[in-house]
Amino acid sequence: MRKPFKRLLALVALLGVAGMSHLAHAADEGQLIKRGEYLAIAGDCAACHSQKGRAPFSGGHPISSPLGTIYSTNITPSKTAGIGSYTRDQFAAALRQGVRADGSQLYPAMPYTAYARLNDEDVTALYTYFMQGVAAVDQAAPATDLPFPFNIRLSMKAWNWLFLDKKPFEPDPSQSAQWNRGAYLVQGLAHCSTCHTPRNFLMAEQLERRLQGGSLGTWYAPDITPAALQAKPAWTREMLADYLASGHAANGATAAGPMLEAIEMSFSRLRREDLEAMASYLLPPTAATAAPAVNKPPAGLTPVQGDDTPQALAALSPGARVYMNNCASCHNTAGQGLNGLPPLQSHPVLRQPNGDNVVMAILEGVLPEHGQGMIGFAHTLNDEQVAALTNYLLQDIGGSKVSVTTQRVATLRAGGAASPLLWLARAGMALAGLLVALLAWVLWRRRRARRVA
């Protein structure tokens with residue numbers, strides 16, 4: 001009886017070890033899925049791959065580009081409509097090199113040029129999350145159909161050869177762990193340079209001008225280099241972290257447009273230590289740590305100041321008159337702010353090299369998902385009124401020398417200026433075709449002359 005009993009005990013022990021091993025593996029996998037979810041939030045994947053009316057990550061979100069509309073793909077683990085058949089290496093190639101499982105190229109509207117900085121461990125965590133932590137959706141996204149020649153995805157190989165740096169992020173041993181974490185996030189997952197770096201005529205980032213500000217067609221992503229952040233009104237690292245967490249900072253900054261979307265869907269959901277790491281990278285350790293003068297709304301009830309009688313209004317400039325009729329009730333007559341509503345004096349948006357963001361805020365409003373917002377005036381103010389109001393805000397309240405024209409307002413209202421890239425590409429291909437035809441004709445003439453001789 002002893003031998004069978006011993007065997008039974010051994011079997012029970014073996015089953016126990018196997019069960020504990022299984023539980024430990026499941027726990028590790030659960031942690032990996034959770035980590036991948038956090039990384040997907042940091043990468044703001046949902047902003048592009050989720051569309052209202054469709055399931056999360058099922059794609060179909062229209063992304064405006066100078067070449068036409070690009071529709072995001074389904075990245076759920078569906079084997080028919082998504083990435084369910086992708087191996088880990090195929091997922092990594094799509095994420096960091098812009099190459100799909102079928103070998104075709106992705107357009108750089110997907111910021112794989114930034115995600116190329118991700119390390120292997122984070123790629124594995126993301127892969128595990130999307131394969132096991134996201135529900136499969138068997139609904140194909142609309143196909144992207146760009147005009148010729150950009151509908152030939154093979155051309156992206158040449159673009160990648162010119163502009164894609166495949167080298168993953170390498171920590172700088174001379175910097176702190178916090179700085180390196182911030183650098184990894186800013187350069188990689190957060191893909192800040194995608195918006196904040198100007199682009200060349202081939203739509204590639206001008207890396208020698210990294211983070212020095214760039215136009216997004218309508219909104220303008222400002223310069224976020226250390227020199228710009230330390231200019232008036234100055235930022236501190238604490239302000240930057242607060243801004244990323246909430247869309248507001250003590251120097252009066254208020255997020256709007258694409259940045260507001262990024263904050264609400266991504267940055268506001270990150271751990272405070274990661275936000276502080278990003279702020280540490282963007283502002284060097286030598287930056288002044290003393291908080292600069294801040295632009296706080298007046299406390300308590302604030303009386304409306306100034307003369308708003310008909311006679312006084314008649315003597316105002318056109319821009320001031322539009323301001324008094326539409327803005328003063330919230331921002332006070334000289335932009336001081338009113339009853340806790342934001343002041344405009346010294347607001348960072350009035351210190352930019354152009355007035356695009358002021359125009360867009362007037363047209364579209366600032367409408368956060370949570371908290372206080374501002375309505376848009378696109379349907380109540382014409383282009384001339386918006387231009388006059390913008391110039392009044394910039395020059396009279398902000399003390400800026402920047403101005404906008406009525407034509408610029410019309411362009412921004414229409415969605416931004418058309419890109420010449422499509423016609424340049426077609427002209428280049430036509431020229432190349434003419435050169436090939438000319439070369440063929442020259443060769444034909446030579447052969448014919450030889451035959452006659």
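Student: How do I read a salt bridge here, say the one that joins the side chains of Arg 272 and Asp 242?

Tutor: The general idea is to look for a side-chain nitrogen of Lys or Arg within 4 Å of a carboxyl oxygen of Asp or Glu. Bear in mind that this is a predicted model. In this case, Arg 272 and Asp 242 meet with N to O at 3.0 Å. The two residues link distant parts of the chain, 30 residues apart: Arg 272 sits in helix H12 (residues 272-282) and Asp 242 in helix H10 (residues 237-246).

Student: Which residue does Arg 413 pair with in a salt bridge?

Tutor: Its partner is Asp 383, and their closest N and O atoms are 2.7 Å apart. Arg 413 belongs to helix H18 (residues 406-413) and Asp 383 to helix H17 (residues 383-397), so this pair ties together parts 30 residues apart in sequence. Arg 413 is partly exposed at 33%, and Asp 383 is partly exposed at 21%.

Student: What about Asp 102, and how exposed is that residue?

Tutor: Asp 102 bridges to Arg 100, with 3.6 Å between the closest N and O atoms. Asp 102 counts as exposed because its relative accessibility is 59%, while Arg 100, at 25%, counts as partly exposed.

Student: How many salt bridges turn up in the whole structure?

Tutor: A search finds 13. Some can join up: Arg 181, Arg 271, Glu 273 and Asp 274 are linked in a salt-bridge network.

Student: Now for the nonpolar core. Which residues touch the most other members of the largest one?

Tutor: Think of a core as buried nonpolar residues joined through their side-chain atoms. The largest one here has 101 residues, and Phe 130, Trp 235, Phe 267, Tyr 323 and Leu 393 touch the most other members. Take Tyr 323: leaving out residues up to four places away in sequence, its contacts include Ala 328, His 331, Leu 344, Leu 389 and Leu 393.

Student: And where is Thr 197?

Tutor: Look in the loop between helix H8 (193-196) and strand S3 (214-215). Thr 197 counts as buried, because its relative accessibility is 2%. Setting aside neighbours within four places in sequence, Thr 197 is in contact with several residues, among them Glu 205, Gln 206, Arg 209, Arg 210 and Leu 211.

Conventions. Residues are numbered from 1 along each chain as its sequence is written. This is a predicted model: local features need pLDDT of at least 70, side-chain atom pairs count only at pLDDT 80 or more; totals for chains, interfaces and linings use all residues. Side-chain values use heavy atoms; hydrogens and water are left out. A nonpolar core is a set of buried Ala, Val, Leu, Ile, Met, Phe, Trp, Tyr and Cys residues joined through side-chain atoms within 4.5 Å. Buried means under 20% relative accessible area, exposed over 50%, partly exposed in between (1.4 Å probe, protein chains only). Contact means heavy atoms within 4.5 Å. Helices (H or I, at least four residues) and strands (E, at least two) are DSSP runs, numbered from the N terminus.
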